[in-house]
Structure formats: C-alpha cells, structure tokens
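Have the sequence and the 3D view open while reading.

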Amino acid sequence: MTKLHTRILLVEDHDSDAQLLCQMLSGIDTGLYQILRADTLKDGMDQCRRPDIDVILLDLGLPDSQGMDTVTAFLSCPPPKPVVIMTGINDEQIAARAVQMGVQNFLVKGQTSATVLSWILRDAITRFETEKKFQLLVTQNADAILIVSRDGEVVFANPAAEILFKKRWGDLKGTVFGFPVDTNAISEVDINRADGTLAVAEIRAADIIWKDSDAILLTIRDVTDRKKLEAELAQARKMEALGLLAGGVAHDFNNIMMVILGYAELSRDQAKEGSDLMENLEKIRQAGQRAQQIVEQILTFTRQARGEFKPVRITPVVKEAIQFLKQSLPGHITVVETIESDARIMGDPAQIHQIVMNICTNAVHAMETDGTLSVSLKDIIVEESDCITGEGMSPGTYIELKITDTGTGIPPHIIGEIFQPYFTTKCVGKGSGLGLAVVHGIVEHYKGKIRVESRAGLGSQFTVYLPALPA
Ligand SMILES: Nc1ncnc2c1ncn2[C@@H]1O[C@H](COP(=O)(O)OP(=O)(O)OP(=O)(O)O)[C@@H](O)[C@H]1O
Ligand SMILES: [Mg+2]
C-alpha cells in the first residue's frame, strides 16, 4: 500500500531555521510531509530509532555534537535510513565527505527553494531504497564478490567472499588478489584459505569503474564440493571399467591356474622324495596357490564371485578363521580372542572369512618383531543418539568385530587411501593392495561400516560393524 505522507525527522537546533523548513514543506502540499523535530543529538538519536521515519534532515552543528560526528551517529543508528545533511554556503568539502560516508544527499541552508528541497528529499528516499536492493543482492549472494583495483588490491568484498577466503573484511581489504584473471574466460583456481583448508573456485571477471578508477569485478564460486563429486564419479566409472576388465581377466586366469596347479601337483607326486625337482615343483605349487588367492580377491572385489546369502552365525566363522591363521603365524605373535557374540547376520561365510583373514593378515605383516593380535566379537545396540549414527549407521543391533595389532601403525597421510583398490605399501609380489578394498566392498554390501584408528608406531585397530538379524 502506498503511504500517504512522508515522515521526516528534522534535526535542527535553531528554531527559526526549523520553522522556515516546516513552512516550505507545508507549502508544497498540505499533509504530504509529517515533520518530527529534534534539537539535540541525544533527542535525535532517541527519535531516529522509530521505524516509521522515512528520511532524516540533519543539521551538522548541534549543541551536543558537531560535523562528521553528527553524521556518523545518525548513519550508524538502526534501522538504517536515508540522511540529507544541511550545510553552509562554502561547505562543499564537508558535503562530499558526508556523501562518501553514506549520506544520500545535501542541501545548502537558506539557498534551497521548496521545490528543490522536496525533490532532494524524494531523491534521497529513492536512492536509499535502490541502494538497499543492490546491497541485498550483494550481501545475500552465495557467490563471493570482490572488486580489485588495477594493481590487484582488494577494495571490496561481500560476506560470501569472507566465508570463501575464511578472512574478515578487515583482513581482506588491501590484500593483493594473487590469481590470474581473464575477462574473456572462466578460470579455475585453488585457494589456500586463511584456516589452512583448500577450496576450488571458479572465477568470472569483468572490467568496471569503481570510485572513478578502473577496476575488476570478480564473481567467485566455490566449486569444491562439485569438483569432489565429479572426481568421485570419474573414479567410480574408472573402477567400474577396471572391475569389468579385471573380472574377465581373473576368470580366465583362474582356469589357467587350475591347470598349472594340477600339473604341478601331479608332477610333484611323481618326483623323487627330497629331490631338487620336488622342491621346485612345491615352490611352483605354493606360488600358484598365492596367485589363486589373489584371483579370488579380484573376483570378490569385482563382484564376479557372488556371495550366497543366508543367515550365518558369525562366531564359528570368526573362530575358524583365527584357527586357520594361527597355523601360519610367526612365533613372536600372541593372539588374544574375546568372542562373545551369539548373533547371526545375513551373509556368506566365505566372505566373513575373507574379512577376518584380510584384516588379520595385514595386522600380522605390521608386527615384524613381537606383538599382540587381539580379535574381539560382540553384539552392540546402536541408538539414535549414538555418535556412530552420524557416520551413516542407522539405529539397530550390530555385530562389532574389532581387530587390534601392536604393529607399525598406519601413517596419517595414507590412512585415507588404504581402502582404495590396488593401494599397497608392500613391495611387488608381497601385496596386491586388494585386501582392504575387498573388505570394504563386502562390508558396504552388507550395509555395515568399517572404522580404522591408528597411531604410527603404536598399532592399528579396525572395527567392523555388521547389521545383525533379529534374535
Ligand atoms: N594393520 C595395519 N598396520 C599397518 N598398515 C596397514 C595395516 N593394514 C593395512 N595397512 C596398510 O594398508 C595397505 C593396504 O592394505 P591391503 O590389505 O588393502 O593391501 P596389502 O596388504 O598391501 O596387499 P594384499 O592384502 O592385497 O595382499 C597396506 O599395504 C598397508 O600399508
Ligand atoms: Mg592386505
């Protein structure tokens, strides 16, 4: 609804000047202007807080405040309002400074006609409204907006820029924008933020005039999340293609290995007991078995070997895997078992076996000198309020398998990589880098979670949560 009148706060200590202004305004159109009067800064400040004031007409010389102090006080008094100042005849400089500070307009006392006064007030209100709209567009913009001088110095930044660079305006102001900008293209840059984190940003640039000088307007969009998703998608596609390829190769390779192993075993049985030939054939057989294990991992990983899903009581499977492991364990390693679960899961015993074997084998490899391998199994209930629900685990009963070693630990810079297929720190022939990728694949498939904690030199702990079937 359009307002019928404009409410002016007239801050003027001279009664005669105030009366003159009131007369001028009422002469224009009776009832168009409603005037509230204040004659001191204090009184002006009190009235200025009223939300229904449309414009402030301000004399700078008040009994309790002078010049720019008066301007500052009214400009910073909430809610923001348009301000028109009244100056003396030769006060152009003061007027210019006040406009720079944010005042909408000025008039020269005693030199302004009623029509001009009315025009100045209307213009101040319109200008203020327009500025407010543009300010809103800039402050609420999700993209960072920077204005840099031709020397690259930051002269303006919006709140989104403060968030992107993780710097307050005070710290951004005057700094040099250190990225190449091209006004004809969209550039992409890596930004090292003030808090040490990294962001990827897309920059668009345009030549502008800012405060009478050439400058560049930069619109910067934070594309870190989008880039991460793109990289994940590319990686997923790569893995899918690789999986298909590896699955096919593994399948053929498995058939060839069966032939090699079959003939190696046959020949070994025919060779003379204790002969070099028998020893060589035995080595071929062992290497062949290792190759078969790797093929099995690849097949599980590429989901070529489909697990047969049925309810499985997990305790006997874990116990059997540990028993199997113990047979080949070096003497300096102690195994501590705490198996206390009665629960069942929906799964394939061979895949549970693989989980235990892969994590335990890594643990054993990490303990060159003496060490302890602890395996615990228990049932836990995850409540809505538990912090692990934050890791994407829905509330319910889970089986918690914890495998702890006192080995070398995993250096922090590789801990994010260990579940990646083919990631290994072991030398060629010792590790294929598939063990944990297989574990991860199985656990995800079972809608479980895996967590790893490790401290260099002190050991590692892998915790696997698998959803239990109702008792
Ligand atoms: N318990 C652990 N202690 C120290 N490092 C570990 C541990 N478990 C895994 N790692 C690290 O994670 C890497 C990847 O493990 P993963 O089981 O996937 O592959 P691998 O053991 O190298 O080879 P593979 O299991 O295929 O024979 C290992 O090379 C090792 O650097
Ligand atoms: Mg391994």
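Axes are lines fitted to C-alpha atoms, for helices over the stretch in contact, and angles run from 0 to 180 degrees between N-to-C directions. The model is predicted: local features need pLDDT of at least 70, side-chain atom pairs count only at pLDDT 80 or more, and totals for chains, interfaces and linings use all residues. Residues are numbered from 1 along each chain as its sequence is written.

**The chain as a whole**

- The protein chain has 12 helices and 17 strands; helices (H or I, at least four residues) and strands (E, at least two) are DSSP runs, numbered from the N terminus.
- Its C-alpha atoms fill a box of roughly 125 × 50 × 40 Å along the principal axes.
- Of the 471 residues in the protein chain, 26% are buried (20 or more other C-beta atoms within 10 Å of a residue's own, with C-beta atoms placed from the backbone).

**Helices α3 and α4**

- Helix α3 (residues 67-75) and helix α4 (residues 92-101) have axes that come within 11 Å and cross at roughly 25 degrees.
- The two helices α3 and α4 are therefore roughly parallel to each other (angles under 35 degrees).
- Gly67, Met68, Val71 and Leu75 of α3 make the contact with Ile94, Arg97, Ala98 and Met101 of α4; two residues are in contact if their C-beta atoms, placed from the backbone, lie within 7 Å.
- The residues of this contact divide into 6 nonpolar, 1 polar and 1 charged (Ala, Val, Leu, Ile, Met, Phe, Trp, Tyr, Cys and Pro count as nonpolar, Asp, Glu, Lys and Arg as charged, and the others, Gly among them, as polar).

Notes. Chains lettered and ligands numbered in written order. Parallel < 35°, antiparallel > 145°, perpendicular 65-115°, else oblique. Buried ≥ 20, exposed ≤ 12 C-beta atoms within 10 Å, placed from the backbone.
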